[in-house]
Amino acid sequence: MVSQETVLEALRTVNDPEMPINIVDLGIVDAVRIEPGADASGSRVVVEILPTFVGCPALPWIENDVRKRLGAMPGVTEIDVHFRFDPPWTVDRISPAGRESLREFGVTVPQRRDHCEPETQTPQCPFCGSSQVHLESSFGPTRCRMIYYCESCRNPFEHLKRIPVPVLFD
């Protein structure tokens, strides 16, 4: 039987093509709906995904992988994948398990915070834990990452950027 839990379990096998983290722990899966299929022999699964930023080149790969994994599930006869930009994705959506997975790979994530607080904390090195780091480049291998350098263990590492969420006024 198709359930929310079995769909999320399958989606946890879909990794982001640019980072070593599954799309559920990355926090880009915003909603999963299970509906009766058109021919009543199976279920239609609707997955709503919040891209990490507009123009992300990984979206076609993610969509194909979602369709492949969910299509292999017994009872799933239809799959719809929708990309939404409202609400916008933020690094605060990354789960604790996802943060640990990224840290083990050498990628740090800004600490969770209230969106009203300014970004003030320098990341610690994911390899040795040192706070003796400096920003090497505001531009990393993708638009959502920057490069830091650790003075203690002499390793470079990537840090996810906190993408500012626009505030709209009435």
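Visitor: How many salt bridges are counted between domain 1 and domain 2?

Guide: In this predicted model, the count between domain 1 and domain 2 is zero salt bridges. Domain 1 covers residues 4-83 and domain 2 covers residues 96-160.

Visitor: What makes domain 1 and domain 2 count as being in contact?

Guide: Contact requires heavy atoms within 4.5 Å. Seven residues of domain 1 meet this condition with 10 residues of domain 2. The centres of the two domains, taken over C-alpha atoms, are separated by 28 Å.

Visitor: What is the area buried between domain 1 and domain 2, and which atoms give 72% of it?

Guide: About 790 Å² is buried between the two domains, and carbon and sulfur atoms give 72% of that area. On the side of domain 1, Met19, Pro20 and Phe53 supply 58% of what this domain buries against domain 2, more than any other three residues. By class, the side of domain 1 that touches domain 2 has five nonpolar, no polar and two charged residues.

Visitor: How many residue pairs are in polar contact between domain 1 and domain 2?

Guide: Two residue pairs are in polar contact there. Such a contact needs N or O atoms within 3.5 Å.

Visitor: Why are strand 4 and strand 5 said to stand at the edges?

Guide: The open sheet has four strands in the order 4-7-6-5, with mixed pairing. Strand 4 (107-108) and strand 5 (133-137) each have a single partner strand, so one side of each is left without a neighbour in the sheet.

Visitor: What makes strand 5 and strand 6 a pair?

Guide: Pairing requires at least two bridges. Four bridges join strand 5 to strand 6 (residues 145-150), and the two run antiparallel. Leu135 stands opposite Tyr148 in strand 6.

Visitor: Where is Glu158 placed?

Guide: Glu158 is in strand 7 (residues 156-160). Beyond its neighbours within four places in sequence, Glu158 is in contact with residues including Val107, Thr108 and Met146.

Key. Residues numbered from 1 in each chain as written. Predicted model: local features only at pLDDT ≥ 70, side-chain atom pairs only at ≥ 80, totals over all residues. Heavy atoms only, no water. Domains from an automatic or database assignment. Buried area = accessible area lost by both parts, 1.4 Å probe. Salt bridge = Lys/Arg side-chain N within 4 Å of Asp/Glu carboxyl O. Polar contact = N/O pair within 3.5 Å; in protein donor to acceptor, adjacent residues only side chain to side chain. Nonpolar A, V, L, I, M, F, W, Y, C, P; charged D, E, K, R; others polar.
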